[in-house]
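Take a look at the structure below. This report starts with one residue and then widens to the chain.

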Amino acid sequence: ILLERIIGRGADLPAEERREDDNFKTALERLRTFHKHHPSTLEWLKDHCVPIINLDCSGPPETVWGQLEAIGRLMRPAVKVPFQ
């Protein structure tokens with residue numbers, strides 16, 4: 001799903017308005033980076049008591065975005081991440 005969305009992002013835009021890095025090679029590199037850093041990122045979040053929410057992103061982008069907005073509204077007052 002991730003690769004399809006990245007590659008399809010901006011498909012309805014004129015070529016000059018599309019992101020140059022929305023291609024298969026870059027999408028694959030983004031996915032590899034995610035898998036490489038995901039465990040350490042989760043560990044850092046847990047160590048700093050940041051709530052972690054699992055989200056099903058297989059639905060349409062509008063649905064996923066709506067879920068993210070709702071979570072953001074609920075979490076905003078409760079979460080304060082320390083800056084170091």
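## An exposed cysteine

C49 counts as exposed, because its relative accessibility is 68% and the cut-off for exposed is over 50%. This residue lies in the loop between α2 and α3. Helix α3 covers 61–75. The model is predicted.

The backbone at C49 deserves a look too. Its phi is near 55°. That is a positive value, and C49 is a residue other than glycine.

## A proline in a helix

Where is P39 placed? P39 sits in helix α2, which covers residues 24–47. Is P39 buried or exposed? P39 is exposed, because its relative accessible area is 52% and exposed means over 50%.

Now pair P39 with I52. The two are 13 residues apart in sequence. In space, their C-alpha atoms are 13 Å apart.

## The fold as a whole

How many helices and strands does the chain have? It has three helices and zero strands. Read along the sequence, the pattern is α-α-α. The chain is more spread out than a compact globule, because its radius of gyration is 16 Å, well over the 12 Å that the globule rule gives for 84 residues.

The box filled by the C-alpha atoms is roughly 40 × 30 × 25 Å, taken along the principal axes.

## Surface and charge

What share of the 84 residues is buried? Buried residues make up 8% of them. For this count, buried means under 20% relative accessible area. The chain exposes about 7200 Å². Carbon and sulfur atoms supply 60% of that area.

Next come the charges. The chain has 12 positive and 13 negative side chains. The centres of the two sets lie 5 Å apart.

## Confidence in the model

How confident is the predictor? The chain averages a pLDDT of 82. A score of at least 70 is reached by 90% of the residues.

Which helix has the lowest confidence, and which the highest? Confidence is lowest in helix α1, residues 2–8, at a mean of 76. Confidence is highest in α2, at 91. Helix α2 is also the place of P39.

Key: Residues numbered from 1 in each chain as written. Predicted model: local features only at pLDDT ≥ 70, side-chain atom pairs only at ≥ 80, totals over all residues. Heavy atoms only, no water. Helix = DSSP H or I, 4+ residues; strand = E, 2+ residues; numbered from the N terminus. Rg over C-alpha atoms; globule rule 2.2 N^0.38 Å. Buried < 20%, exposed > 50% of the residue type's maximum accessible area, 1.4 Å probe, protein only. Areas by Shrake-Rupley, 256 points an atom, 1.4 Å probe, with all protein chains shown as cover. Lys, Arg positive; Asp, Glu negative; His and termini not counted. Charge placed at Lys NZ, Arg CZ, Asp CG, Glu CD. pLDDT = per-residue confidence, 0-100.
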